[in-house]
Amino acid sequence: MKTSTHRIAIPSILEVGKGNINNVGNLIKKAMFKNVLICFGEGLEELFGDSIRNSLKEANIVISRIETISDISFEKISIKAFEISNDVEALIGVGGGKAIDAVKYMSFLRKLPFVSIPTSTSNDGFSSAGASLLVNGRRMSLPAKTPYGIIVDIDVIKSAPDKFIYSGIGDLVSNITALYDWKFEEESGKVIIDDFATMISKKAVNSFIRTEFNNIKDDLFLKELVDSLILNGISMEIAGNSSPASGSEHLISHALDKFLEVPQLHGIQVGIATYIMAKVQNHRFERISKILKETNFFEHVKTLEMKKKDYKKAIDMAPSIKPNRYTYIHVDENRIHAKKIIDEDEILNYVLI
Ligand SMILES: [Zn+2]
């Protein structure tokens, strides 16, 4: 029985705005870190190294070491963590996904704070506590740590290829089906949902889908996307698990990751699975299809030539990904229904092959 109020970790630094990449030193100065280690994703030191180095220097923060993260195997990252010199006070991760996952896990192992500086926002990983690393060659989400700081430069996010923005959109709209799954799980007597986590996750996605935009690269639209993905991290921290932002649609995507030789970006796979599951749940699928149409998400997906048969296989596998959960996809007849939707739905017939 839960009788006490929650104690959760919330980032102390939160900066989302234009030009932040040139101001990292100032933005983290208030935390009084004097010595930091920076990990860049591949190719990113060339792009952002000078700006970050200079701004840290101006703020009198010493860089103990700069690393490039290419291999995110659990073993490699653990070894790297214990190579960090003892005078390092914080880790900074700059990248799309890998560098941040790596830094997250290293900071967890070494009990150090870390600052997350995403250069693209293809999913909510830059704000969440779980680290997605390779265990025996397969991506697995390991418990890690909520960032001490999150710094996002809207101009940097904007300069990343469109596919990363689409992936972020897909990952965020999935809150709608995830929350419905979570409610279903509670109604089936399997779990007790967290009302506060539910509210944050719901507000995050609703605020985003109600934002007016002309183009997915509008500043306000991107800021909404980033802010809402950050709220996802917080909602999962409150819940103590990923349920408020990850339901049946995520299980389908995780299944695709398991057997596809080259999976697509997380949020791309999740976005399509969200559309399918919203139809199965018969809940808000018009809203989901509206945002995915208006952003041109579906048109983007069409260029990827994802296969109907892969989605069907993933639907069959999905319950086994998390056998202890009880989402819509864990029910036999819903899987039959989902596969039927893939065959019959007009949009899916257009975007999948
Ligand atoms: Zn996700």
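Select Asp 101 to begin: in this predicted model, Asp 101 counts as buried, because its relative accessibility is 8%, under the 20% limit. Arg 139 belongs to strand E7 (residues 138-143) and Asp 101 to helix H4 (residues 98-110), so the pair ties together parts that are 38 residues apart in sequence.

Next, select Glu 67 and Arg 65, which form a salt bridge of 2.9 Å, N to O. Here Glu 67 is buried, at 9% relative accessibility, and Arg 65 is partly exposed, at 37%.

Move on to Asp 162 and Lys 217, whose side chains meet in a salt bridge (3.0 Å, N to O). Asp 162 lies in helix H6, whereas Lys 217 sits in the loop between helix H7 (195-209) and helix H8 (219-239); the pair therefore ties together parts that are 55 residues apart in sequence. Asp 162 is partly exposed at 35% relative accessibility, and Lys 217 is partly exposed at 25%.

Then display Lys 18, Asp 155, Lys 158 and Asp 219 together, as a network of salt bridges links them. The model has 21 salt bridges by the rule applied.

Finish at the zinc ion. Its protein donors, Asp 171 (OD), His 250 (NE2) and His 266 (NE2), lie 2.1 Å from it, with the spacing D-x78-H-x15-H along the chain. Asp 171 is in helix H6 (residues 162-187) and His 250 in helix H9 (residues 248-259), so this pair joins parts that are 79 residues apart in sequence. Both Asp 171 and His 250 are buried.

Methods: Residues are numbered from 1 along each chain as its sequence is written. This is a predicted model: local features need pLDDT of at least 70, side-chain atom pairs count only at pLDDT 80 or more; totals for chains, interfaces and linings use all residues. Side-chain values use heavy atoms; hydrogens and water are left out. Donors are N, O and S atoms within 2.8 Å of the metal (3.2 Å for Na, K and Ca); water is not among the atoms, so sites may look incomplete. Helices (H or I, at least four residues) and strands (E, at least two) are DSSP runs, numbered from the N terminus. Buried means under 20% relative accessible area, exposed over 50%, partly exposed in between (1.4 Å probe, protein chains only). A salt bridge is a side-chain nitrogen of Lys or Arg within 4 Å of a carboxyl oxygen of Asp or Glu.
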